[in-house]
Amino acid sequence: MILVWKLAYKNLIRAGLKTWLNALALSFAFVLIIFYNGMIDGWNMEARQDAVEWDYGYGHLRNAGYDPADPFSIQDGHGILPEPFRKDLTPVLVWQGTIYPQGRMMPVLIKGIEVNQETVKIPSEILKTSTAGYPVLLGRKMAESAGLKKGDPVLLRWRDKNGTFDAVEATVVGIFETNVPFVDGGQLWMSLKTLQEMTGLHDEASFYIANEAYVPEPIDGWTFIDQETLLKPVTDLINAKKYGAAIMYLLLLAIGLLVIFDTQAFAIFRRQKEIGTHIAMGMTKGEVIRMFTAEGAMYSIFAIVLGGLYGTPLFIYLAKNGISFPVSGDTMGIIIAPTIYSVYSAALIVKTFLLLVISATLVSLLATRKIATMNPVEALKGKAL
Amino acid sequence: MNEKIIIIENLVKRYPMGETEFTALKNINLTFDKGEFAGFVGPSGSGKTTILNILGSLDTPTEGKVVVEGEDVSNLSEKASALLRKEHIGFIFQSFNLLPVYTVFENVELSLLLLKKSAAEREKAVTAALEWVGLQDMARKKPPQLSGGESQRVAIARAIVKRPNIVLADEPTANLDAENAHIIMQTMQKLNEELKTTFIFATHDEKVMQYLKRKIHLQDGRVSKDETMETKTLQL
């Protein structure tokens, strides 16, 4: 078996430029697969990290009546969590309201958060130190769409728990920058205590954000959603992009493999005498097939070496400097950092390596299996096909 | 008593030809002793190459028995017939069949690689084989850089480097001029005498025939004459 590989290696090396051109075609697929998947993995990692840091924490303990996907659940989806269960949790109360920036009416989701919390990156400490009567925080996107700046007053109107309308003049005391659209668009953050007072929902919360130390336990009327379950929509969305774009690099891979198939199929025709000579010298047809198949497999190994030569500096650059995205993710409702730093895991490289080697070997085997039906006498004359 | 290296009994070879069959060899009965320098002679289509291919286990008889080195080639598996060729038979072809991307040294070395000889053994044997054929200075050249005569000498070196008991040469001088044809035949004659290798030719070239110690005349697939010759010994 080693001999077959040695001969295949020698045949390819001696074929010179032809070998390297084939390997180059295949190397494009190799580099593109790693580049694209590295970028997606980087995006995924950043998106997950952002979602955890800004909203999900280590899970949500939700009031059984609260469903963030159902606006009708806001009215009744809140409650008082017994004190002994509140350890390592940050309360958030969600309520509906309306703001009137520059006289326009704009429905908002008011979120009251514990001002001393350090579980998520919402800069709630600003609310604590502000001297304004009703200090509120906005995300950049929300501030832009409402035309509000830091220090601007805005009329806020809501109904309390009994359905009675009330209104105050709130002050925008901070605008935060985030990649996470679901803590920004259409939302207004304020102190939990203030919101509880405004709504009459004393000591109540819609959900709690768990920190790392939180140990989930069954609590009547509350449901714990772990971090992975919360992150699933984010991961699913990114994976959907991944599979969609796979078509592009699989096409490139198919072109690379077609080059190998063509080369090997043509080689069988062109090298009939060589095949006959190998058989006359004592090789079995199986060994000759293995030698030609090994040549095909080696194309992929050469492609990996070649791709590694020009791809590695590119990958290192992208991992260090990232790729800037001109379109902000928050306009699309998905988490995209302005700069995505590619992540190249060992698993990605090994998987791509195996994909290339196995597919090139199979394609080469398909092209060379004709040798099995060759008559060696005719092959020696170059007339077997 | 001479050792019988090849025994052919009632050999028949037929090829399908459309809906009918063409009989290339008809009831051949022959034996070859170790160290013979013999040849099948006759016009094109007489069955010379067919019988050589069967002796080399590249083809199989339709009927009859062909025993080469104690192995009945008609019943050999592909693996066993490959082993027979690898260990005991060397081939020389009309069009040399050298591997163009390999050097002269590597072409000759290939049969030893297949026999899994060590690098030192290969080096020694290839050097000796190239010396026998007078090409020791051409070891690093590639076949396209060689003349026809040199290419055929490389093919001879490749055939004898593993010291096979039998060398089968199919029209070895067909692509060579007269001078090179004589050099090639003299080289093989010398190897036959020194190494006691059995050489069997298929030829219709008069230049080859004059070196043969035994001529087996084939006519329409039958042995028409089997004659032992007094050959001239040429000084190399």
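Predicted model: local features only at pLDDT ≥ 70, side-chain atom pairs only at ≥ 80, totals over all residues.
Two strands are said to pair when DSSP finds at least two bridges between them, and I begin with that criterion since strand β4 and strand β5 (residues 71–72) of chain B pair in the antiparallel sense over two bridges.

The bridge partner of B:Val67, over in β5(B), is B:Asp72. β4(B) and β5(B) make up a hairpin with two residues between them, and in its turn B:Glu69 has a positive phi of about 55 degrees. On to another partner of β4(B): strand β1, residues 4–17 of chain B, runs antiparallel to β4, residues 63–68, and five bridges join the two. Within that pairing, B:Val12 stands opposite B:Glu63 of β4(B).

These strands belong to an open sheet of four in chain B, with the order β2-β1-β4-β5 and antiparallel pairing. The edge positions are taken by β2 (20–33) and β5 of chain B, and each of them has a single partner strand, so one side of each is left without a neighbour in the sheet. Lying across β1, β2 and β4 of chain B is helix α1(B), which runs at about 120 degrees to β1(B).

Now to the other sheet I want to describe. Here six strands of chain B form an open sheet in the order β6-β7-β8-β3-β9-β10, and the pairing is mixed. At its edges stand β6 (89–92) and β10 (222–228) of chain B, each with a single partner strand, and so one side of each has no neighbour in the sheet. If direction is ignored, neighbouring strands of this sheet are turned by 15 degrees against each other on average.

Taking the β6 end to begin with, β6(B) pairs with strand β7 (residues 166–170) of chain B in the parallel sense, over four bridges, and there B:Ile92 stands opposite B:Ala169 in β7(B). Helix α1 of chain B, residues 48–55, packs on this sheet, where it touches β3 (37–41), β6, β7, β8 (198–203) and β9 (214–219) of chain B, and its direction makes about 150 degrees with that of β8(B). Helix α2 of chain B, residues 78–88, also packs on the sheet, touching β6 and β7 of chain B, with its direction at about 80 degrees to that of β6(B).

Further along the order, β3(B) and β9(B) pair in the parallel sense over four bridges, with B:Val41 standing opposite B:His217 in β9(B). The pairing of β9(B) with β10(B), by contrast, is antiparallel and extends over six bridges, and in it B:Leu218 stands opposite B:Val223 in β10(B). β9(B) and β10(B) form a hairpin with two residues between them, and B:Asp220 in the turn has a positive phi of about 50 degrees.

I turn next to the interface. In the model, 26 residues of chain B are in contact with 20 residues of chain A, and the two chains bury about 2,100 Å² between them, 63% of it on carbon and sulfur atoms. Which three residues supply more than any other three of the area that chain B buries against chain A? They are B:Leu58, B:Tyr102 and B:Leu114, which supply 24% of it.

As for polar terms, the count between chain B and chain A is eight residue pairs in polar contact, and two salt bridges are found across this interface. The side chains of A:Arg14 and B:Glu106 meet in a salt bridge, at 2.4 Å from N to O. On the side of chain B that touches chain A, the elements giving two or more residues are α2 and α3 (104–114) of chain B, and α3(B) gives the largest share, seven residues. By class, that side has 10 nonpolar, six polar and 10 charged residues.

Finally, a wider look at charge pairs. Over all chains, a search of the whole structure finds 21 salt bridges. The side chains of A:Glu228 and A:Arg48 meet in a salt bridge, at 2.9 Å from N to O. Since A:Glu228 lies in helix α6 (residues 227–270) and A:Arg48 in helix α2 (residues 17–56) of chain A, this pair ties together parts that are 180 residues apart in sequence.

Key. Residues numbered from 1 in each chain as written. Chains lettered and ligands numbered in written order. Heavy atoms only, no water. Axes fitted to C-alpha atoms, helices over the stretch in contact; angles between N-to-C directions. Contact = heavy atoms within 4.5 Å. Buried area = accessible area lost by both parts, 1.4 Å probe. Salt bridge = Lys/Arg side-chain N within 4 Å of Asp/Glu carboxyl O. Polar contact = N/O pair within 3.5 Å; in protein donor to acceptor, adjacent residues only side chain to side chain. Nonpolar A, V, L, I, M, F, W, Y, C, P; charged D, E, K, R; others polar.
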